[in-house]
Every structure is written in C-alpha cells, then in structure tokens.
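Subject: Structure handover

Hello,

Here is the structure I promised to pass on. Please open it first, then read my notes below with it on screen.

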Amino acid sequence: MKELRNAIGAMCAVPLPEITALHAAAGELRAAGRQVRSLAFETPRFETPRVIRNRCIEILERGGAGGASVAGLPELRRRLAEKLRDRNGISCSVLNVTVTPGERFARFAAVAALCGPGDEVIVPVPCRPEYRALIHASGATCVELRTRREDGFELDPEALGSAVSGRTRLLILNTPSYPAGTVYRRETLEAVAEIVVRSNFMVLADEALKSFCYEPERPHVSFASLSTEAAKRSITVGGFSAGCCMEEHPVGFAAAPEWLSGRIIALQQCICCGASVVDQHCALAALEMPAQEELVDFRRAVTDSAGNLKGCPVWRCSVRRADSLCFAELPDSAWHRGCSATGCCGRRCWRRFPGGSRERRNISVWRLPVRRLRWKRPPVVWRRFAGGSPAWI
C-alpha cells in the first residue's frame, strides 16, 4: 500500500517562518496560564474606527451587500486608482487594480502569477518573514542581498547590479520596510529603477506600511511614480489592515500592468473568489476618512518604548523612520561575553518594558528559545533570533 505521507505537493515544503513559530510558542504558554511577553513581535491593537464599523453594521442590517466581481467592487477599484494617481503619483486605471483579501494574498498572487522554476527573486534583508515562503511556493530561487545599518538598511544599487543575472525575474522592494523601518530615498530608488529598466525585470513594491512614515524630510516615494518605464515594470501592493486598523476586515490591492493583472485575477478566481464584499465596503469607508489620529499616539508609544530599551546596557535600540515597531538588536559582543537571554533581561532590565511585571516568571519566553534552539540548531541560527546580525530575519 502507498504511504500517503510520502506524497510531495508543489507547495508542501513551504517553510513556516521561524519568528512566527517562536511567537506561536509564546501564545501556547499564555494559553497554558503562563505570564509571558513575546519579544519576537507583537501586533499593535487599535480599535477599528467608528465610521468603518458603522458601515459594516449598515451593510449587514440591510441583508448583505450582494455580489462583486473577482477583481473587486468597481467603485472601490476606481477609488483606489484615483488614490494611487493623486497621492502616490502612479498613473493607473481601474484595469490595473485588483482588490485582494488582504495584503499577504496580494503579495502571494503577484509572485505566483509572475515567477516559476528557474527564475530568481532578489530580496533585500532584513525582510518580512513570509517573502522566502512565497518565493519557495512559486518554485523560484530566493537571492538575498544584505543591507547595512550604516546605510540605514537601504538596498545598495551597486550590490543589486552585481546580483542581477539573466534569470532575475523580480525584485521585492519594501518601502517603508519591515522590520527595519527604512524609507527609501528618491535618489536610491532612481538608481534602482535604472538597473531595473536596463536589465528588464519586475519590481514588487510592497507599500503596505505607507501610513507609518513619520519624518516629513523623508517622505514616501512610490517606485512606480518615478517614470513611465518604471511603472511598466512595477507591481504596487498596499492595503488597509495597518493604516486603517482593519485587521478584522482584511482588504489589500495590487496595481500592476494589465497583462499581469489578468493573471492575478485568474489566480484569485481559482483560490478564493476575491475579498469579502462587506470588507470591501469597509475599505470604501476607510478611503473617505481623514488621516488617522491614532497614529500620532502610536508613534509616541513607540518612541517611549525605544527610550526604555535604550536604558539597558546590552541592547542597541533605535526608533525607525517608519513602521509600527522599534528595532532592538542584541549585538554579537553580548553573546561572546557569555550573556544568556535570561541574564540580559534580568529583573532590573525587565522593569523597563512598558507594562512589564517585576516578577521573574514573566520573562520565561526569553528562556524558551535558548532551550529549544541551542539543542536543535547551531549557535549561528540562535544569533539570528537574538538579532546578532542585521540580516537576522
């Protein structure tokens, strides 16, 4: 008899990001009654704005919103195209915009519709944990380019030019970036665009955190707005989950050339038939809202947290130009001195975390990765969790 567990599907070996596994382990400890705080990552929580909730209630009370095309509500696609033209400087029409069930599906659909076995996808690191999984699922090869703290974690155009080959199909450019919080300068993007046009490959411009740009002197610049040639080779991904506090109503979008939008729509038709119609009406309500005042309070909270972490002699912590988190890094020197995770977050240091208890049982999540990873993997992998290298994610 066949052993069914030996079956190998095209996507069966997609790796679960290690940082996600660590965060899930912390959640299991909480469910078991342990008081722990995960420093792998946390999800900021703000209430969905009242106007969006009211729109959702209104739609449900009148018996639903009816159906919509797989590409999204025509009115939402039109408003998104207007937004991209007026606020981002991207020339596009309704035919270029596809509404998706969240930003993550927009990224997956773009990569899956464009890349396959034999292709290479260039990814600057640090990067979102799911990028590697998306590339692996498509059958393409991930080519990682390390960025440096000294450069603000910006991609070096010279390094990009050296990494490009005849197999390069896509560059994933995340600005504002996660987790580094880098807002790319216009001159850097123009240098990248020159390489892209000359070598003729596509760019996935992940701009899901555009709302989290804090410094007026470093404004967000959309890659597709640089030139007509850059726009022809761009897939702009965005959404409403972070900037509009709509995590319970996941809606994303992908703006791409018409030939690629058709592929994304066809893929979405086969997998999920598009975003929820109710959630799309919530997105329409979000487009009518002014800038979120909550982001001002959130920025203040991030700054205060970074100040608390800076008080610890072991951490290197910086408030970033964008994004929703502060970037705390544990240098290699701390591990070379023999510091353990528990030692670095002793009682004195733990008091510095907002809302943290002074009781030592609250730092048990710190002991978890030490026990598990030192047993299963070599120390260099543990340093990736510790932040020993700027390219740890």
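Start at Glu-120. Leaving aside residues up to four places away in sequence, Glu-120 touches Thr-141, Val-143, Ser-165, Arg-167, Thr-168, Arg-169 and Leu-170. Please keep in mind that this is a predicted model.

Glu-120 sits in strand β2. Is Glu-120 buried or exposed? Its relative accessibility is 13%, and buried means under 20%, so Glu-120 counts as buried. The side chains of Glu-120 and Ser-165 are joined by a polar contact of 2.8 Å.

**Strand β2**

Now take the whole strand. Of the 6 residues of β2, 6 are buried, so the strand is largely enclosed by the rest of the structure. Which residues point which way? Glu-120, Ile-122 and Pro-124 point one way from β2. Val-121, Val-123 and Val-125 point the other way. Residues on both sides are buried.

β2 has partners. It runs parallel to β3, and 6 bridges join the two. It also runs parallel to β4, with 3 bridges between them. In β4, Val-121 stands opposite Leu-170. Follow the chain through β2, α5 and β3 as well: these elements make a right-handed β-α-β unit.

Step back to Gly-118. This residue lies in the loop between α4 and β2. Gly-118 is partly exposed, with a relative accessible area of 39%. It touches Gly-139 and Arg-167, not counting residues up to four places away in sequence. How far apart are Gly-118 and Arg-167 in sequence and in space? They are 49 residues apart in sequence, and their C-alpha atoms are 6.9 Å apart in space. Arg-167 is also among the residues that Glu-120 touches.

**Helix α4**

Next, helix α4, residues 103-114. The helix has 12 residues. From first C-alpha to last, α4 reaches 17 Å, close to the 16 Å expected at 1.5 Å a residue. Of its 12 residues, 10 are buried, so α4 is largely enclosed by the rest of the structure. Among the buried residues are Glu-103, Arg-107, Val-111 and Leu-114. Several alanines are buried too, including Ala-106, Ala-109, Ala-110 and Ala-113.

A search of the whole structure finds 1 aromatic pair. The pair is Phe-105 with Phe-108: the ring centres are 5.9 Å apart and the planes are at 55°, so the pair is tilted. Both residues lie in α4, 3 residues apart, about one turn of the helix. An α-helix has 3.6 residues a turn, so residues three or four places apart point the same way. Phe-105 is buried, with a relative accessible area of 13%. Phe-108 is also buried, at 16% relative accessibility.

**Backbone points to check**

Where are the cis peptide bonds? One joins Val-125 and Pro-126, with omega about 10°. Val-125 belongs to β2, while Pro-126 is in the loop between β2 (120-125) and α5 (130-138). Another cis bond runs from Tyr-178 to Pro-179, again with omega near 10°. Pro-179 is in the loop between β4 (168-174) and α7 (186-199).

Phe-153 has a positive phi of about 60°, although it is not a glycine. Its place is in the loop between β3 (141-146) and α6 (157-163). Cys-273 also has a positive phi, near 60°, and is likewise a residue other than glycine. Cys-273 is found in the loop between α9 (258-271) and α10 (277-287).

Are these residues buried or exposed? Phe-153 is buried, with a relative accessible area of 9%. Cys-273 counts as partly exposed, at 47% relative accessibility.

Over to you.

Best wishes

Note on methods:
Residues numbered from 1 in each chain as written. Predicted model: local features only at pLDDT ≥ 70, side-chain atom pairs only at ≥ 80, totals over all residues. Heavy atoms only, no water. Helix = DSSP H or I, 4+ residues; strand = E, 2+ residues; numbered from the N terminus. Buried < 20%, exposed > 50% of the residue type's maximum accessible area, 1.4 Å probe, protein only. Expected span 1.5 Å × (residues − 1). Pairing = 2+ DSSP bridges. Right-handed = clockwise from strand over helix to strand, strands pointing away. Polar contact = N/O pair within 3.5 Å; in protein donor to acceptor, adjacent residues only side chain to side chain. Contact = heavy atoms within 4.5 Å. Phe/Tyr/Trp six-rings, centres within 6.5 Å; stacked < 30°, edge-to-face > 60°.
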